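Here is a short tour for anyone meeting this structure for the first time. Have a look at the sequence and the 3D view, then read on.

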Amino acid sequence: MGRVDSKVAIITGAASGLGLASAKRLAEEGASVIMADIDVARGEVEAAKIDGAAFVKLDVTSESAWETLVDDVVSDYGSLDILLNCAGIAELATIEQTTESLWRKVNAVGTDGTFFGCKHALRVMKTQGRGSIINMCSTASIQGGPAIFAYAASKSAIRGMTKSVACLSAQAGYGVRCNSIHPGNMSTPMLDTMYNIVLEHDPVTAAQMKKSWVGDPMDVANMVLFLSSDESVSVNGAEMVVDNTVTITEGMVPKV
């Protein structure tokens with residue numbers, strides 16, 4: 001028996017990085033996984049490699065697209081048991097460098113996309129009396145991140161959303177759990193992109209980044225699996241940090 005046998009999951013940002021790793025892990029443990037992403041070419045290729053997975057194009061910034069997807073999944077699969085809001089973008093900019101367009105772009109995907117996902121997943125999950133909503137946050141919502149101002153703001157908003165949804169569900173007796181995961185730096189395409197930008201503009205900081213601890217996406221995927229499974233039935237409104245002490249250590253945690 002798999003740990004999430006017969007469960008139906010939607011994962012956004014599933015074409016790469018943490019979303020892709022989570023799709024693989026949930027499918028391995030028996031879930032039917034709908035991999036949603038704006039990147040059709042990569043998403044279709046990756047979904048074809050995973051037994052039990054299917055790809056669907058989704059613009060997470062569109063509420064109507066979310067409503068259609070959730071309704072289609074319930075119609076086709078009979079339920080929606082798991083939602084992992086993993087879509088997000090990060091751009092290096094302090095508050096002084098952040099333009100209105102950059103702010104709106106980052107928050108449209110991260111903040112708005114998570115809001116719409118939570119809203120429409122909760123809509124169908126509460127009628128089932130069960131479900132697990134998992135929001136991918138970041139240690140950027142716990143520590144100060146001066147060079148990722150818009151991203152840190154978005155993740156902090158998601159952190160607050162998570163607790164609000166969890167409390168509503170608990171108080172109203174919906175039976176739906178909502179938790180957030182806060183990864184530190186993980187070996188993903190997003191981190192690679194940020195490293196290359198830093199290397200171009202600040203080689204000294206880039207050299208320090210190379211010496212710092214970086215986790216494996218599967219470390220986060222295993223946390224997603226736990227929160228998706230019935231093993232976490234009493235975990236609701238929690239912040240699950242996956243960072244090997246980075247947020248509680250003075251100085252740098254060295255690369256293993």
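Let's start with Asn-244, which is partly exposed, with a relative accessible area of 37%. You'll find Asn-244 in the segment after β7. Its phi is positive, about 55°, although Asn-244 is not a glycine. Keep in mind throughout that this is a predicted model.

Thr-245 sits in the segment after β7 as well. Thr-245 isn't a glycine either, yet its phi is positive at about 75°. With 35% relative accessibility, Thr-245 counts as partly exposed, because that label covers values between the 20% limit for buried and the 50% limit for exposed.

Zoom in on β1, residues 8-12. Five of the five residues of β1 are buried, so this strand is largely enclosed by the rest of the structure. Both faces are covered: Val-8, Ile-10 and Thr-12 lie on one side, Ala-9 and Ile-11 on the other, and all are buried. β1 pairs with β2 in the parallel sense, over five bridges, and Val-8 has Ser-32 of β2 as its bridge partner.

β1 also runs parallel to β4 (residues 82-85), and three bridges join the two. Here Ile-10 stands opposite Leu-83 in β4. What about the side chains of β4? Ile-82 and Leu-84 point one way while Leu-83 and Asn-85 point the other, and all are buried. β4 and β5 run parallel too, joined by four bridges, with Leu-84 having Ile-134 in β5 as its bridge partner.

## Helix α1

How many of the twelve residues of α1 are buried? Ten are, so α1 is largely enclosed by the rest of the structure. Among the buried ones are Gly-17, Leu-18, Gly-19 and Leu-20, along with Arg-25 and Leu-26.

α1 covers residues 17-28 and reaches 17 Å from its first C-alpha to its last. That is close to the 16 Å expected at 1.5 Å a residue. After α1 comes Gly-30, with a positive phi near 105°.

## Where α3 meets α4

Two packed helices are described by the angle between their axes and the distance between the axes. For helix α3 (residues 63-77) and α4, the angle is about 35° and the axes are 9 Å apart. The crossing, as α3 passes α4, is right-handed.

Who makes the contact? From α3 there are Glu-63, Trp-66, Glu-67, Val-70, Asp-71 and Val-74. From α4 come Gly-113, Phe-116, Gly-117, Lys-119, His-120, Ala-121, Arg-123 and Val-124. Sorted by class, the contact has six nonpolar, three polar and five charged residues.

## A buried alanine in a loop

One more stop: Ala-140, in the loop between β5 and α5 (149-172). Is Ala-140 buried or exposed? Its relative accessible area is 11%, so Ala-140 is buried, since the cut-off for that word is under 20%.

Setting aside its neighbours within four places in sequence, Ala-140 is in contact with Ile-148, Tyr-151 and Ala-152. Glu-91 is 49 residues away from Ala-140 along the chain, and the C-alpha atoms of the two are separated by 13 Å.

Terms used: Residues are numbered from 1 along each chain as its sequence is written. This is a predicted model: local features need pLDDT of at least 70, side-chain atom pairs count only at pLDDT 80 or more; totals for chains, interfaces and linings use all residues. Side-chain values use heavy atoms; hydrogens and water are left out. The expected span of a helix is 1.5 Å times one less than its number of residues. Buried means under 20% relative accessible area, exposed over 50%, partly exposed in between (1.4 Å probe, protein chains only). Two strands pair if DSSP finds at least two bridges between them. Axes are lines fitted to C-alpha atoms, for helices over the stretch in contact, and angles run from 0 to 180 degrees between N-to-C directions. A crossing is left-handed if the near helix is turned anticlockwise from the far one by less than a right angle, and right-handed if clockwise. Contact means heavy atoms within 4.5 Å. Ala, Val, Leu, Ile, Met, Phe, Trp, Tyr, Cys and Pro count as nonpolar, Asp, Glu, Lys and Arg as charged, and the others, Gly among them, as polar.
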